[in-house]
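Work through each task before reading its solution.

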Amino acid sequence: MMMLSLPYTFPNSTYTISPLPILHLSSFPFSCAALHCSFSNSCVQHSIVNCRNRKSKCLIMSSLPPSFRASAEAASPSIPPLPEKRIVVGCGAVAVDFLAAVSAYPKPDDKIRSTSLLVQGGGNAGNALTCAARLGLNSRLISKVADDPQGRAILEELKADGVDTSYSVVSKEGNSPFTYIIVDSQTKTRTCIHSPGNPPMVPDELPQEILSSAVDGARLVYLDGRLHETALVLAQEASCRKLPILVDAERPREGLDSLLNLADYVVCSAKFPQAWTEAPSIPSALVSMLVRLPKIKFIIVTLGEDGCIMLDRRVEEIPELEEMDVDNAVGLLRQKINGENTIPACIPSKSVKRLKADGIGMVNGRLFVGTAEKIPASELVDTTGAGDAFIGAILYAICADMPPEKMLPFAAQVAAAGCRALGARSGLPWHTDPRLVPFLC
């Protein structure tokens with residue numbers, strides 16, 4: 001039996017053991033954590049709600065990573081105004097994350113100690129909408145938790161970050177979702193063990209009047225692929241109102257195809273395009289997805305430290321388009337990457353091309369290759385939720401009508417900021433974060 005032992009004392013923290021010590025580290029950069037930690041039924045929710053004063057008080061120039069201090073100091077103090085239409089409605093997963101950092105991932109039957117522990121809200125939709133709210137969007141969440149300490153804590157933390165949870169369902173019975181996450185400090189990877197909430201959300205729990213209220217005034221709808229039956233009802237309502245829909249395609253899931261058929265934008269993980277299309281390469285899989293999903297305007301595939309690739313469909317008639325193999329086109333763009341550049345950048349194709357994938361088909365579009373920030377090893381803490389942070393920034397970018405050349409570096413920068421602290425939310429930046437100014441101006 002493999003056992004994970006929690007440290008008895010932690011720096012810069014206080015806690016009570018009742019019955020499990022829960023830690024909020026106050027030493028993470030860019031966060032100011034609440035220092036009371038108890039897992040009793042009466043106050044577990046308080047143990048995962050961070051101090052929200054960090055928005056204006058906890059980020060100081062001296063705390064910025066060295067690789068960004070110079071550019072932040074040189075940046076213009078003027079921050080662009082928030083998008084005029086900035087309501088985003090999201091449907092999907094929320095959870096409590098139990099994160100344990102370890103010096104190295106345990107072998108079978110090992111007993112090891114954690115080096116730090118954090119209990120925090122999680123779930124794809126919860127994380128992405130938290131990121132969007134910190135960036136200045138008005139986030140509305142449709143999800144479900146149980147009326148238990150974990151569920152109350154999930155909603156309280158989201159509310160504290162500015163996410164509107166009034167459209168979510170609280171079940172009188174069952175349990176709220178939670179995830180155990182082991183963060184390997186050696187390989188900088190994380191392993192997630194998820195326990196879904198019960199009972200699951202069903203469409204009948206979202207009456208038409210609540211649904212209509214949720215989407216009133218919205219600029220964008222976001223679906224993380226979970227709660228697929230309810231998400232489909234939301235997607236159909238959004239389509240009737242001609243509201244654009246962004247779908248997070250993390251992995252093939254039940255009901256995901258129906259959501260993709262209604263989507264305008266797709267952001268997917270590195271493994272998804274080929275798993276869904278069975279194409280021989282990621283670029284050819286992106287062409288296949290656009291061929292099979294004619295409503296899609298763009299697809300972005302995130303590749304971790306290798307950045308991302310975006311295929312932007314162009315529907316206007318352009319005579320005499322150059323035809324090019326999509327794998328070759330991506331390869332040529334990658335050759336233009338400046339390996340010495342440490343900050344996120346975007347390499348666009350110069351013009352619209354007719355992109356071909358052998359045995360699959362052709363689409364008219366532009367390719368963009370985005371690079372990730374080269375985070376120094378001493379600053380990289382945890383990649384949990386990096387993809388959610390990227391999506392949260394894409395939601396903002398769509399609302400702000402950013403062109404791809406600006407959108408991809410901005411989203412990569414937001415994701416990189418989140419990787420500098422333990423957990424999916426501790427390092428998420430605010431709209432006023434000096435690190436974002438060069439990417440917003």
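Accessible areas come from the Shrake-Rupley method with a 1.4 Å probe, and for residues only the protein chains shown count as cover. The model is predicted: local features need pLDDT of at least 70, side-chain atom pairs count only at pLDDT 80 or more, and totals for chains, interfaces and linings use all residues. Residues are numbered from 1 along each chain as its sequence is written, and side-chain values use heavy atoms, with hydrogens and water left out.

**Exercise 1.** State the accessible surface of the chain and the share of carbon and sulfur atoms in it.

Solution. The accessible surface comes to about 18500 Å². Carbon and sulfur atoms hold 54% of that surface.

**Exercise 2.** Describe how helix 10 and helix 11 are placed, and which residues join them.

Solution. Step 1: helices are DSSP runs of H or I with at least four residues, numbered from the N terminus.

Step 1: axes are lines fitted to C-alpha atoms over the stretch in contact, and angles run from 0 to 180 degrees between N-to-C directions.

Step 2: angles under 35 degrees count as roughly parallel, over 145 as roughly antiparallel, 65 to 115 as roughly perpendicular and the rest as oblique. Helix 10 and helix 11 are therefore oblique to each other.

Step 3: contact means heavy atoms within 4.5 Å. Among the residues of helix 10 in the contact are F390 and Y396, and those of helix 11 include M407 and F410.

**Exercise 3.** Find the angle between helix 8 and helix 9.

Solution. The axes of helix 8 (residues 282–292) and helix 9 (residues 326–334) cross at roughly 125 degrees. That makes helix 8 oblique to helix 9. P283, S284 and V287 in helix 8 meet V326, D327 and V330 in helix 9.

How values were computed:
Helix = DSSP H or I, 4+ residues; strand = E, 2+ residues; numbered from the N terminus.
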